[in-house]
Amino acid sequence: MIVGDRKSLAEILDMIKDCQNILITGCKGCVTVCNVGGLKEVQILALSLKIARKKEGRPITIEENLLERQCDPEYIAELADVVHNYDAVLSMACGVGPQFLAEAYPAQKFFPAINTKFFGGATGHGVWEERCAGCGTCVIHNYDGLCPVSRCSKSLMNGPCGGSAGGLCEISKDVVCIWDMIVKKKMEQGRLEDLLRVMPAKDWSTSRDGGPRKSIREELSQ
Amino acid sequence: MSENKSGSNLEKVLRAGHFAFTGECGPPKGANVQHLKEKIAFLKGNVDAVNITDNQTAVVRMSSWAASAIAVQEGVEPNFQMVCRDRNRLAMMSDILGVYSLGARNMLCLSGDHQRFGNHPDAKNVYDIDSLQLISLARKMRDEEKFMNGEAIDVAPRLFIGAACNPFADPFEFRVYRLAKKISAGADFVQTQCIYNMEKFRNFMKMAVDMGLTEKCFILAGVTPLKSIGMAQYMARQVPGMDVPAEMIDRLKGAGKGKATEEGIKIALEQIEEFKEMKGVAGVHLMAIEWEHRVAEIAERAKMLPRPLV
Amino acid sequence: MDTFEPQIVAFCCKYCAYAAADLAGSMRLSYPPNVKVVQLPCTGRVDIFHLLKAIEDGADGVYVAGCLEGECHFLKGNLRARKKVEYVKRTLEELGIEPARVEMYNLSSAMGPRFAEIAREMTGRIKELGPSPVKDAAIA
């Protein structure tokens, strides 16, 4: 899923500082699954902002809403009747949400309440880790199911570098050295020769480096 | 391992069978050409080539290619270092052509410390290609006279290609294979990370010799004299991939007040003596960081002088 | 402010804290009338939402009182409640409001005097902190 963290209250309050009346809209997709932008989080954010504004002596009216997803126009359309009733709308979806909303309703102001971070999965209760960098040319089959693009701090195709120590990445004790894992796995499986071949330079043109991307299913286009 | 690929002094020294001795110099944190020339002057005549570092530990300094060009002007042969962190493949090929045109003949291909360690941690990191791919690229440009995309180069750069080797990083069992990989990618010579754990290094060299690697590549053992107990402890704890045995730190402590530096030099000299006799070791790479003024003394005491003229 | 009488909401679990409150009553122990008790089956039922809502509605202080750690009737409810109280403290700090206005307490059903003591302690603390900066004119 797409994982993000909520922006600080200070940053959000600054975004809405000139607003008297806002809508906070959450999303039942990824952000609900990673507990950052679902129904509960919308309610908590609304309360936190109301508390802050009351304290300032400038109370704010906040309405709450939850959309099935904010990445499909059909669901975005559900807000049509109400979206213009507010000074601004805060979206708690990933970065896609505020953009789809802004395109659908150009007359309204949409602010992101979330800093979208990565594609990842849950590795523990309340913990999510990055697993995919969206490079556009998946090569994890070459690395026994482990991805050096997203999980190596230097995205090395021929790692590990000299900074790998004790199974950890040089940048932090909280980051595992994926190359340590890849090498150990290959050694255990008796496939060390796989790593002796120099993997050629990656084609980054399929990743964000190549420009904004599009994905089309010809068989579905109308 | 006979024909000169680049004609560099370092290459000629190694191919003639001499025990090579290289040094290191970090460019200034500014355009202080005067200071750079002073540092280079300390090394002139005392080493076969001088490594010119590339934004080492991700701290911004004068570019390695520019400092290398200045070294050439000063009559000292540079070993131009390039890291993968700051440049994409276009800039790398471009800089290789540039530095070769300005007289450099040796190149060291490195991954580079992550920018998080440096003084501009907010920067976007590049890592378009990794060190293995860079070694392959340098070889392709030299031997096939082609750019990465296969287009012909209008006067190809002929560099003596080097790589780094860290026998002490993890996973330890893999390190000799990684060296083998770098050699098969095109590394002509290798400089190791500074060695303190001699036992571990002896084991590593034995594996390298057994795998036939020392016949295909010149291995230079890295030596960094420990200037103080504080430095030894810092290296032991804070530098990733560094292995400093406790006995060595104890030896410095036991030397007595004010004598740690001399003891550190003694240790380095002992190491150099052993490296001269160690099978497969073709030379020593002395990393006397910010200590260039002591290199002549160390070279003298290690009986490395005069450097061979080839 | 001598005339300031804090309004405090206490979320109490039925099995321990509320039972202790009952016991305090039977023992004729007095505790400040400022504390309004809300009974729950378990403090695990308390949500961040409830704590923030109480603050937003003008409570000067809020606390959650549950079983002693390791003795929660529903096993871990009180541990989860503590985490939520800590989240609310961090939020209040971010908003420039004293985190001490929200607290987590643990006690057993036999601890009638402790219940009264907690009520007194919290009331005293809030009296010193003064009225909540979030007071709504309508509630005051």
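Predicted model: local features only at pLDDT ≥ 70, side-chain atom pairs only at ≥ 80, totals over all residues.
Local features need pLDDT of at least 70, side-chain atom pairs count only at pLDDT 80 or more, and totals for chains, interfaces and linings use all residues. Residues are numbered from 1 along each chain as its sequence is written, while chains are lettered from A and ligands numbered from 1 in the order in which they are written.

The model scores ipTM 0.89 and pTM 0.90.

Contact means C-beta atoms, placed from the backbone, within 7 Å. Chains B and C do not touch; their nearest C-alpha atoms are 25 Å apart.

Between chains A and C, 13 residues of chain A meet 13 residues of chain C. On the chain A side, helix 1 (9-15) and helix 3 (39-56) each supply at least two residues. Helix 3 gives the most, with ten residues.

Chain A has seven helices and seven strands. These are DSSP runs numbered from the N terminus: helices are H or I, at least four residues, and strands are E, at least two.

| Chain A property | Value |
|---|---|
| C-alpha box along the principal axes | roughly 65 × 50 × 25 Å |
| Radius of gyration | 22 Å |

The radius is taken over C-alpha atoms. A compact globule of 222 residues would have a value near 17 Å; that rule is 2.2 Å times the number of residues to the power 0.38.

Notes:
Contact = placed C-beta atoms within 7 Å.
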